[in-house]
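Please examine the model shown below, with attention to its open space and its aromatic side chains.

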Amino acid sequence: MNTNPIKTLRLARAWSQEQLVELSSLSVRTVQRIENGERASLDTLGAIAAAFGVNVTELMTEESEQTLSGESLELRVQAAKRQVRRESRFWRSLVVYVVVNLVLFVVNRMTSPGSHWFLWPLLIWGSFLALNAVKVFWLRDRWQRWEQARIQRVLRKP
């Protein structure tokens with residue numbers, strides 16, 4: 001069974017080594033060495049990750065992850081904590097949204113049953129909450145991947 005994530009991704013996409021070389025701007029020999037188990041630098045992994053459109057961490061084997069410095073690991077832990085805090089704030093906001101809008105609905109029905117004024121805060125607040133959900137859960141990964149790919153392209157420019 002093949003445990004090399006780079007070779008696995010390349011084969012899953014039915015790419016030859018030459019196609020990966022062309023997309024990553026690396027040499028054939030470099031790709032061959034990496035697929036045969038030699039360690040790759042973070043720059044090389046970044047170039048390959050940009051070609052695949054994935055994060056560098058997805059390409060790392062357990063052995064190469066263990067060789068990462070404590071600082072790099074600490075940065076990843078901090079980023080994960082920030083994401084968990086964002087998600088937690090979103091879920092708290094959603095609970096508050098539901099509770100407050102239920103109260104507004106009840107107040108609206110009790111004070112002026114012919115009017116539907118409770119819909120305004122429901123729709124406006126709900127729109128902002130939906131945008132926040134898109135930002136927290138969907139755009140996060142896409143934005144990071146775009147940034148990573150863009151950095152790789154800028155670094156390769158002569």
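How much space lies in the largest pocket? In this predicted model, the largest pocket holds about 960 Å³ of space. Its lining comprises 27 residues, and those closest to the centre are Asn 55, Thr 57, Arg 76, Gln 144 and Gln 148. At least two lining residues come from each of helix H4 (42–52), helix H6 (70–111) and helix H7 (119–156). H7 gives the most, with 11 residues. By class, the lining of this pocket is made up of 12 nonpolar, 8 polar and 7 charged residues.

Attention now turns to the aromatic rings. The whole structure contains 6 aromatic pairs. One of them joins Trp 91 and Phe 137, whose ring centres are 5.8 Å apart; the pair is tilted because the planes meet at 55 degrees. Since Trp 91 belongs to helix H6 and Phe 137 to helix H7, this pair ties together parts that are 46 residues apart in sequence. Trp 91 is partly exposed, at 48% relative accessible area, and Phe 137 is partly exposed at 33%.

Another pair consists of Tyr 97 and Trp 125: the ring centres lie 5.3 Å apart and the planes stand at 85 degrees, so the arrangement is edge-to-face. Tyr 97 is in helix H6 and Trp 125 in helix H7, and the pair therefore ties together parts 28 residues apart in sequence. Tyr 97 counts as buried, because its relative accessibility of 14% falls under the 20% limit. Trp 125, with a relative accessible area of 30%, is partly exposed.

Ring pairs also link Phe 90, Trp 91 and Phe 137 into a cluster. Elsewhere, Arg 13 lies over the face of Trp 15, at 5.6 Å from the ring centre.

Note on methods. Residues numbered from 1 in each chain as written. Predicted model: local features only at pLDDT ≥ 70, side-chain atom pairs only at ≥ 80, totals over all residues. Heavy atoms only, no water. 1 Å grid on protein atoms, 1.4 Å probe; cavity = no way out; pocket = protein on both sides within 12 Å on 5 of 7 lines; lining within 4 Å. Points joined across faces, edges and corners; volume = space filled by probe spheres on them. Helix = DSSP H or I, 4+ residues; strand = E, 2+ residues; numbered from the N terminus. Nonpolar A, V, L, I, M, F, W, Y, C, P; charged D, E, K, R; others polar. Phe/Tyr/Trp six-rings, centres within 6.5 Å; stacked < 30°, edge-to-face > 60°. Buried < 20%, exposed > 50% of the residue type's maximum accessible area, 1.4 Å probe, protein only. Lys NZ or Arg CZ within 6 Å of the ring centre and 35° of its normal.
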